[in-house]
Amino acid sequence: MKKNEILDLINGIKNGSITDEEAIENLKNYPFDNIGCAKIDRQRIIRSGASEVIYGAGKSTLEIIKITKNLSKYKANILITRTNFKTFQALKKEIQNAKFNEKAGIINITFTQPQFTDSYIAIVAAGTSDLAVAQEAYETATFFGNSTKLIVDVGVAGINRLFLHLEELQKAKVIIAIAGMEGALPSVVAGLVSVPVIAVPTSVGYGASFGGMAALLAMLNSCANGITVVNIDNGYGAAYSASLINHI
């Protein structure tokens with residue numbers, strides 16, 4: 001329930017346009033809707049400024065459809081992460097305006113177009129193998145109303161490629177730097193800019209990368225200033241944090 005919906009309910013009770021029975025019906029499931037497979041947090045948008053995001057991994061297609069249909073009643077924009085094309089096909093039959101980014105594994109349902117920021121988030125990915133995480137960050141950042149620039153395949157193995165985008169990086173409000181292997185890209189980027197850098201280690205790499213642990217530890221031990229590190233492959237978490245910074 002959004003702030004304006006609460007105010008409309010209060011005013012409706014005051015002026016008599018909403019009966020006591022109607023008010024009880026409206027509030028009986030507040031502050032969450034219990035739909036069996038999930039408890040939908042209707043207060044989250046008031047507390048944090050963003051409605052609940054559906055984490056698709058571990059949920060069945062039917063569960064995701066049920067949750068999505070409940071959220072769609074309130075015409076709030078919906079983001080579903082870590083999902084797949086099969087779920088999208090089934091959901092599309094129920095909600096026509098659903099869109100799917102297969103590389104990111106994200107479904108986006110937009111009822112109200114966001115107002116995009118003047119400042120932007122730069123998302124920098126070391127290699128094309130990091131693109132799934134970069135796309136997850138991109139879809140999340142744009143969902144939350146951020147102007148976003150995606151820069152891909154500029155890792156340290158060919159550092160000259162990064163320098164072609166130096167002006168774009170230096171003008172960004174915040175940067176998300178994504179890398180697997182040895183995870184060196186965020187340190188290089190942070191040494192070139194005066195804005196916060198959110199580092200995302202990916203699970204890309206050979207055996208000794210230990211599924212992203214090598215990159216994670218390298219980023220945590222960076223000597224460059226201004227770096228904050230999120231979990232392995234967590235493009236969503238990086239973009240959410242970057243959005244909070246970009247909207248200041």
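How much space lies in the second largest pocket? About 270 Å³ of space lies there. Before we dig in, note that this is a predicted model, where local features need pLDDT of at least 70, side-chain atom pairs count only at pLDDT 80 or more, and totals for chains, interfaces and linings use all residues. Residues are numbered from 1 along each chain as its sequence is written, and side-chain values use heavy atoms, leaving out hydrogens and water.

**The pockets**

- On a 1 Å grid over the protein atoms alone, a pocket is an open set of points where a 1.4 Å probe fits, with protein on both sides within 12 Å along at least five of seven lines; lining residues have an atom within 4 Å of a point.
- A volume is the space filled by probe spheres set on the points, which are joined across faces, edges and corners.
- The second largest pocket has 14 lining residues, and Lys99, Asn108, Thr110, Gln113 and Glu139 are the ones nearest its centre.
- β5 (98-101), β6 (106-109) and α6 (131-143) each give two or more residues to that lining. (Helices are DSSP runs of H or I with at least four residues, strands are E runs of at least two, and numbering starts at the N terminus.)
- The largest pocket comes in at about 340 Å³.
- Its lining has 16 residues, with Ile45, Gly49, Ser51, Asn77 and Phe143 nearest the centre.

**The sheet**

- Here 4 strands make an open sheet in the order β3-β4-β6-β5, with mixed pairing. (Two strands pair if DSSP finds at least two bridges between them.)
- β3 (54-55) and β5 are the edge strands with a single partner each, so one side of each has no neighbour in the sheet.
- β4 (residues 78-81) pairs with β6 in the antiparallel sense over 3 bridges.
- Leucine 79 has asparagine 108 in β6 as its bridge partner, while isoleucine 80 stands opposite isoleucine 107 in β6.
- On to β5: this strand and β6 are antiparallel too, over 4 bridges, and phenylalanine 100 has isoleucine 107 as its bridge partner.
- The hairpin of β5 and β6 has 4 residues between the strands, and glycine 105 takes a positive phi near 70°.

**What covers β6**

- In a regular strand, side chains alternate between the two faces of the sheet.
- β6 is covered on both faces: Ile106 and Asn108 on one side, and Ile107 and Ile109 on the other, are all buried (under 20% relative accessible area, with a 1.4 Å probe and protein chains only).

Notes. Buried < 20%, exposed > 50% of the residue type's maximum accessible area, 1.4 Å probe, protein only.
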